[in-house]
Amino acid sequence: MTEVQTTTSRERRNAVRLADRFEPLEMPELEYTDAVARETEPLYQKVKDVIPAIEWPVMAPYVKAINDLKKQRNAVILAHNYQTPEIFHCVADIVGDSLQLAQQAARADADIIVQCGVHFMAETSKLLNPDKLVLIPDMQAGCSLAASITGADVRLLRERHPGVPVVTYVNTSAEVKAESDICCTSSNAIQVVESFGKDTVLCIPDEYLAKYVATKTDVRILTWKGHCEVHERFTADELLAYKEANPGLEIIAHPECPPEVITVADFTGSTSGMIGYVRDNKPAKALLVTECSMASNIAADLPGVDFIRPCNLCPHMKRITLPKILDSLVELKEEVTVDPLVADRARLAVERMVNLKS
Ligand code: SF4
């Protein structure tokens with residue numbers, strides 16, 4: 001009995017690799033010809049305010065080659081809101097926050113997903129798209145928040161707080177999601193925490209998101225010391241100085257920011273919430289307290305809003321570039337796999353969140 005179980009477990013734990021099922025392709029020519037210039041001109045028009053004309057001849061051959069290969073491979077490119085404008089506007093098929101990307105990819109009729117974002121996002125895409133080949137153009141694209149906690153840490157927290165439900169932010173590895181009761185995003189965290197009807201809930205690993213949630217609910221929130229290295233760099237003094245220098249400026253913050261920053265913000269919300277706020281309210285001047293590519297990406301659609309941009313870049317997001325996306329499509333690398341036993345439990349935590357009645 002034991003022998004049979006061990007063999008079965010071992011077989012199941014071999015995450016299935018799908019890349020071998022696809023043919024290798026030749027690297028396309030990358031010249032800036034008249035034909036490439038003509039074909040990519042409408043795309044350049046979308047980004048001309050944020051990409052200097054002198055840089056476009058370098059980018060355009062990659063943009064064309066990637067868009068051609070996408071069709072040939074039946075691939076979709078998912079780009080997070082923090083990707084650079086040439087990726088976000090010129091090669092991506094689906095854009096948004098990490099959960100929106102994974103969910104929309106599940107509805108796409110594609111064989112391959114290329115995740116332009118960080119590793120935990122690619123894992124979430126794989127959880128929700130187990131039969132698709134999921135590629136990330138740079139396997140080193142990590143995240144300080146996801147790296148702050150492991151599955152073993154969550155098991156230890158459960159031992160220390162028996163019976164307390166564990167809500168895990170989607171910005172975590174599949175291993176951590178698998179140890180959780182349910183996932184949350186920055187837009188639904190309050191609803192998820194309150195869904196248990198308990199007086200205490202563990203909301204991990206983002207300390208600042210948890211503190212923000214604690215200000216909006218009567219549930220007692222226990223947390224972890226994880227931080228996003230981009231959002232934790234902002235300070236209230238810096239933002240107040242921008243406000244003083246720019247009368248009428250609206251400060252729009254992400255809940256991964258420290259509490260002192262959220263205190264001086266006019267609005268706090270997830271990346272999608274922040275974008276929605278600017279679209280709906282069209283402030284004359286706005287400062288998005290988040291990764292700086294997001295302002296560049298939405299500025300193209302909102303010419304009437306003057307974005308003040310203190311530039312905090314996410315070094316992990318910026319590992320994804322046009323040349324690496326092209327390599328990814330040509331050579332089918334790097335394939336993201338998740339141990340099936342972990343994947344089943346992690347998927348359950350994500351699905352519980354998605355199925356939560358609003
Ligand atoms: S912006 Fe922060 S949370 Fe997002 S990937 Fe970078 S380090 Fe992680």
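Domain bounds here come from an automatic or database domain assignment. For the protein chain, that assignment gives domain 1 (2–142 + 318–331), domain 2 (146–228) and domain 3 (231–313). We're looking at a predicted model, where local features need pLDDT of at least 70 and side-chain atom pairs count only at pLDDT 80 or more, while totals for chains, interfaces and linings use all residues. Residue numbers start from 1 along each chain as its sequence is written.

Domains 2 and 3 first. Their C-alpha centres sit 26 Å apart. Across the interface, 10 residues of domain 2 are in contact with 14 residues of domain 3 (contact: C-beta atoms, placed from the backbone, lie within 7 Å). On the domain 2 side, the touching residues split into four nonpolar, four polar and two charged. In that scheme Ala, Val, Leu, Ile, Met, Phe, Trp, Tyr, Cys and Pro count as nonpolar, Asp, Glu, Lys and Arg as charged, and the others, Gly among them, as polar.

Now the ligand. It has 13 residues around it, the closest being Val118, Cys143, Cys228, Val230 and Cys314 (a residue qualifies if its C-beta atom, placed from the backbone, lies within 6 Å). By class, this shell holds eight nonpolar, three polar and two charged residues.

On to helix packing. Helices are DSSP runs (H or I, at least four residues), numbered from the N terminus. Axes are lines fitted to C-alpha atoms over the stretch in contact, and angles run from 0 to 180 degrees between N-to-C directions.

| Helix pair | Angle | Axis distance |
|---|---|---|
| H3 (residues 56–73) and H15 (residues 322–331) | about 25° | 9 Å |
| H5 (residues 98–107) and H6 (residues 119–128) | about 30° | 9 Å |
| H2 (residues 34–47) and H3 | roughly 95° | within 9 Å |

H2 is therefore roughly perpendicular to H3 (that label covers 65 to 115 degrees, and roughly parallel means under 35). The H2 side of this contact includes Val36, Leu43 and Tyr44, and the H3 side includes Trp56, Ala60 and Pro61. By class, the H2 and H3 contact has eight nonpolar, one polar and two charged residues.

H3 and H15, by contrast, come out roughly parallel to each other. Their crossing is left-handed (the near helix is turned anticlockwise from the far one by less than a right angle; clockwise would be right-handed). Among the residues making the contact are Met59, Tyr62 and Arg73 of H3 and Leu322, Pro323 and Val330 of H15. The classes there are 12 nonpolar, no polar and two charged.

The H5 and H6 crossing is right-handed. Its contact residues include Ser98, Leu99 and Gln103 of H5 plus Met121 and Thr124 of H6, and the contact divides into seven nonpolar, four polar and no charged.

Methods
Contact = placed C-beta atoms within 7 Å. Helix = DSSP H or I, 4+ residues; strand = E, 2+ residues; numbered from the N terminus. Parallel < 35°, antiparallel > 145°, perpendicular 65-115°, else oblique.
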